[in-house]
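Please keep the sequence and the structure in view while reading.

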Amino acid sequence: MKKYIFIVAAVLGLNAWSQEIADTTDVFYRHLDLKEVVVTGATGATKLKESSAPVSLFTTRQLEATSSTNIIDAVATVPGVSQITTGSGISKPVIRGMGYNRIVVVSDGIRQEGQQWGDEHGIEVDAASVSSVEVLKGPGSLVYGSDALAGVLRFNSSPIVPMGKMRAGLSTEYQTNNGLFDYSLYFSGNKDGNVWNARYSEKMAHAYKNRYDGYVPNSQFHERAAQLMGGINRAWGHSRLTLSYYNITPSIVEGERDEKTGELECEYGRLKQYGHGMPYQQVYHYKAAWDNTLNVGRGKLNALLGYQLNRRQEFEDADHPNEYELYFKLHTLSYNVHYVTGEMNGWRVTGGVGGMYQRSLNAGEEYLIPDYNLLDVGVFATTSKEFEYWTLNGGLRYDHRHMHSEALEDEGEMRFGDITRNFGGLTGSVGAVLHAGPHWDIRANVSRGFRAPNISELTSNGVHEGSVRYELGDEHLKPEYSFQFDLGADYTARVVSMQLNLFASHIDHYIFLHRVDEEVEEGYDTYRFDSGDSRLWGGEVSIDVHPMHNLHLGTSFDFVRAVLLHQPRETRYLPFMPAPRWRTDVKYELTHDGHLFNNAYVSVGVDYNFKQDHYYEAYDTETATPDYALLNASAGTDIMNHGKRVATFAIIANNLTDKAYQNHLSRLKMTDVNLVTGRRGVYNMGRNITFKLTIPLEW
């Protein structure tokens, strides 16, 4: 703990040094000020500086300069955000140690619903369609529903094109480690208030490699996505309909090894092929989102309606590679209707209703969860008030969930019972921001969260091939209730900007999955869902320093500690918590306002993950993970023609030293032991160099 305190103290100590420079120099310093940016993650549209809940913004430029295999892989560089991975193609978001159904993902304005309960079920969103990302940390969201116990990831699409303009473009990249190649084409416009946007994307990768395992069989994937938006903008408001299609074919890494050689087994296909291996999944996600805003009086009425169909198939038999075993179909109808008042003596109020209906069906020969219906209804109200030096905000929400799963008899045995559960919970948030002078904003927030157990936690009873284990649910699980306190400070000056966020949370009936000492089916470890009262605390600190016009120094540190209360050492720590992480980078900007090359830069950075020795030991659920450091570098530039950007090019090198490492949240870490070397599990990707090119057009 002393080393963590030292890092935070060192970062905060730069404040005094930066202020001294700012007070004694007349040099012009450029600084990106995000205080006026409007975000929508917590209580509707609000300025970032006025939000008492911690919100981070991942911008378009940051996305362009980041190497990733999917959108969650990119966002996982934000302090406080990490990812559960299955190879290089599947990533699930984690905010402050919590993931799965504790995070609400918002895309095209509606909740993304696609079997979030599964370890190897990624987020069905095309990374190329995302312009920026808002990350709300903690249960402060009252707009998007009770499941946002850990926070909200909101993926923003590109802004509407100005009146009379049309835009088109191409973006493409290539990665050397896994041969990843992708491209995305789009065309958008605005003619007399009639707006449209069309996009098609494709991405493919063969098996990735690292220094210990060589090429990792079945880590390849293939992804396709299409999107079409059309609508009208008028004085009375707007109406837009977005249709999207997403398909990914990820192969599933099982990590089985030859006992004599220790090499990973590859029974189907070739290591560097772009087609699927065995086993593999086929995932299709169809979505329609209708966004309507009407100017009513001094306020605005917003109505969002959505329909989603998620189809997920698993193929396991090499002799019959096109015959699925598991097949889930999930239909989701969602709605959110709310009214935002204009300012009334400095007060602004938002009130509305939101919820969804789900119907899930099994269409395969194997079963993990039963068929079920789910109905959510929620009502909420939020308010905010600006004073001379203060901003106050808060609100309340009540949610009711009805869930009914259907009985199923399989081969003469009762696999699932007929279960009906009803859950209700009140959530709330209240906070304040003190604008303490031109440089400081200090925020505090208290929030109450609620999450009902999901269908997997309640009813699982079967082999989960994607996770290579037998899972058992508990129909008697209670809802999770959290009480969280957040304290933060932002400092912005000409030379330095800093953000500090601290949190402490108590969660009743925290639900988690752990291994048990029993064998339900031969060849598979058995995991059971359980619950207990828990305490989580931690935070994030980040700082950016500009000691001279072209030089940028950035560093960040984030950590979370999570314990089960009143437990012995082997079951004291909540499983699958990210290790403390420190990131630092040095960036030098070579040119500004150049005739041919503009915004050219070079950057070098280090990602250091500390040892994770706070883990759930019982029955070998997980093991400690050693520390590791990754050296990264990048360079990029805009290419100009007569003052207009005609292209952006970037080279990004990750893990330059080809370090062999395992992230603590990698699912592949707990696969088979290599009997030759004694090492357990599959390692993460080795050295990877990415080439990215973006060509925008406007007329």
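A nonpolar core is a set of buried Ala, Val, Leu, Ile, Met, Phe, Trp, Tyr and Cys residues joined through side-chain atoms within 4.5 Å. Buried means under 20% relative accessible area, exposed over 50%, and partly exposed in between, with a 1.4 Å probe and protein chains only. The model is predicted, and local features need pLDDT of at least 70, side-chain atom pairs count only at pLDDT 80 or more, and totals for chains, interfaces and linings use all residues. Residues are numbered from 1 along each chain as its sequence is written, and side-chain values use heavy atoms, with hydrogens and water left out.

The largest nonpolar core comprises 33 residues, and those with the most contacts inside it are Ile71, Val75, Val133, Leu153, Phe155, Leu536 and Leu574. At least two residues of this core come from each of helix H3 (71-75) and strands E7 (103-107), E9 (132-137), E10 (151-156), E31 (496-516) and E33 (551-564); helices (H or I, at least four residues) and strands (E, at least two) are DSSP runs, numbered from the N terminus. Apart from this core lies another, of 20 residues, which includes Leu330, Tyr372, Met403 and Ile455. Contact means heavy atoms within 4.5 Å. Beyond its neighbours within four places in sequence, Val75 is in contact with Val81, Val133, Val135, Leu153 and Phe155.

Gln612 is found in the loop between strand E35 (597-609) and strand E36 (628-641). Gln612 counts as buried because its relative accessibility is 1%. Residues up to four places away in sequence aside, Gln612 touches Arg561, Met577, Pro578, Ala579, Ala624, Thr625 and His664. A polar atom of the Gln612 side chain lies 3.1 Å from the backbone oxygen of Pro578. Between Gln612 and Thr623, 11 residues apart in sequence, the C-alpha to C-alpha distance is 8.8 Å.

Arg469 belongs to strand E29 (residues 469-472). With 9% relative accessibility, Arg469 therefore counts as buried. Not counting residues up to four places away in sequence, Arg469 touches Asp119, Gly462, Val463, His464, Leu513, Tyr524, Asp525 and Tyr527.

Finally, the surface. A nonpolar patch of about 810 Å² is made by Trp236, Leu294, Val296, Leu301, Val337, Val353, Val379, Leu396, Tyr398 and Leu426. Such a patch joins nonpolar side chains (Val, Leu, Ile, Met, Phe, Trp, Tyr) within 5 Å, from residues with over 30% relative accessible area and no salt bridge, the latter being a side-chain nitrogen of Lys or Arg within 4 Å of a carboxyl oxygen of Asp or Glu. Strands E18 (280-296) and E23 (390-405) give two or more residues to the patch. Tyr398 is found in strand E23 and, at 40% relative accessibility, counts as partly exposed.

Key
A polar contact is a pair of N or O atoms within 3.5 Å; within protein, one must be able to donate a hydrogen and the other to accept it, and residues adjacent in sequence count only if both atoms are side-chain atoms. Patches are made of residues with over 30% relative accessible area and no salt bridge: like charges are joined within 9 Å, nonpolar side chains (Val, Leu, Ile, Met, Phe, Trp, Tyr) within 5 Å. Accessible areas come from the Shrake-Rupley method with a 1.4 Å probe; for residues, only the protein chains shown count as cover.
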